[in-house]
Amino acid sequence: MTLPDIRDLMPHSGPMVLLDRVVAADDESLCAEVQVREVSLFYAGGGIGGWAVGGWVGLEYMAQAIGAFAGYRARRRGEPVRIGYLLGTRHYECKQPSFALGSRLEIYVKRVLQSQDGLAAFDCRIDDETGMVASANVTVFQSADGDKSMNGSLT
């Protein structure tokens, strides 16, 4: 099975799409990949190890992988991709202060809870060539009626 372009699975566009591609997906999980490049949106210098993307960006990588998971499931059902919201995280741990230039990261997300009202929880992790470098439990929300639950406004 050919996996869709990650940009077709998320409501993000342009440089706000931080992930490069979907590696694998099924009904309960998704694996995405990103390579840290000089053109990466959050690429900056001055931190430990010189030029890199801060370790805190790992949480956004996880959130975007969850968004891609939701988009993948929606497309399989013939539905449009909808906006979702990151509500929070528990225990985000990153074993390094940054992701170095050239690092290839795999972001794994697995759904562990899904309520009828759109609330969901995911176990997430980021691996590089050395193994797991970050992990978290992430809580998200996606309304069944799209943006109408937010009064049609996303300001």
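**Entry 1: Arg111 and Glu28**

I started with Arg111 and Glu28, whose side chains meet in a salt bridge at 2.8 Å, N to O. My cut-off for a salt bridge is a side-chain nitrogen of Lys or Arg within 4 Å of a carboxyl oxygen of Asp or Glu. Arg111 sits in strand S7 (residues 104–114) and Glu28 in the loop between S1 and S2, so this pair ties together parts that are 83 residues apart in sequence. Helices (H or I, at least four residues) and strands (E, at least two) are DSSP runs, numbered from the N terminus.

A note on what I'm looking at: this is a predicted model, where local features need pLDDT of at least 70 and side-chain atom pairs count only at pLDDT 80 or more, while totals for chains, interfaces and linings use all residues. Residues are numbered from 1 along each chain as its sequence is written, and side-chain values use heavy atoms, with hydrogens and water left out.

Is Arg111 buried or exposed? I found it buried, with a relative accessible area of 13%. Glu28 is partly exposed at 35%. The scale I used: buried is under 20% relative accessible area, exposed is over 50%, and partly exposed is in between (1.4 Å probe, protein chains only).

How many salt bridges does the rule give? I get nine. Side chains of opposite charge can pair when their charged atoms come close.

Next I looked up Arg37 and Asp20, which form a salt bridge at 3.0 Å, N to O. This pair links distant parts of the chain: Arg37 is in the loop between strand S2 (29–35) and strand S3 (43–47), and Asp20 is in the segment before strand S1 (21–25), 17 residues apart. Arg37 is partly exposed at 36% relative accessibility, and Asp20 is partly exposed too, at 23%.

Arg125 and Asp127 make another salt bridge, with their closest N and O atoms 3.2 Å apart. Here Arg125 is partly exposed at 32%, whereas Asp127 is buried at 14%. I also noted a network of salt bridges that links Arg21, Glu33 and Arg104.

**Entry 2: a nonpolar patch**

Which residues make the nonpolar surface patch of about 410 Å²? I wrote down Met16, Leu41, Phe42 and Trp56. Patch residues have over 30% relative accessible area and no salt bridge; like charges are joined within 9 Å, nonpolar side chains (Val, Leu, Ile, Met, Phe, Trp, Tyr) within 5 Å. Areas come from the Shrake-Rupley method with a 1.4 Å probe, and for residues only the protein chains shown count as cover.

Trp56 lies in the loop between strand S4 (50–54) and helix H1 (58–76). I have Trp56 down as exposed, at 59%.

The largest pocket holds about 730 Å³ of space. Of its 35 lining residues, the closest to the centre are Ala70, Gly84, Val140, Phe141 and Gln142. On a 1 Å grid over the protein atoms alone, a pocket is an open set of points where a 1.4 Å probe fits, with protein on both sides within 12 Å along at least five of seven lines; lining residues have an atom within 4 Å of a point. Grid points are joined across faces, edges and corners, and the volume is the space filled by probe spheres set on the points.

H1 gives the largest share of this lining, 10 residues.

The second largest pocket has a volume of about 200 Å³. Its lining has 16 residues, and Val17, Leu18, Val39, Ser40 and Leu41 are the closest to its centre.
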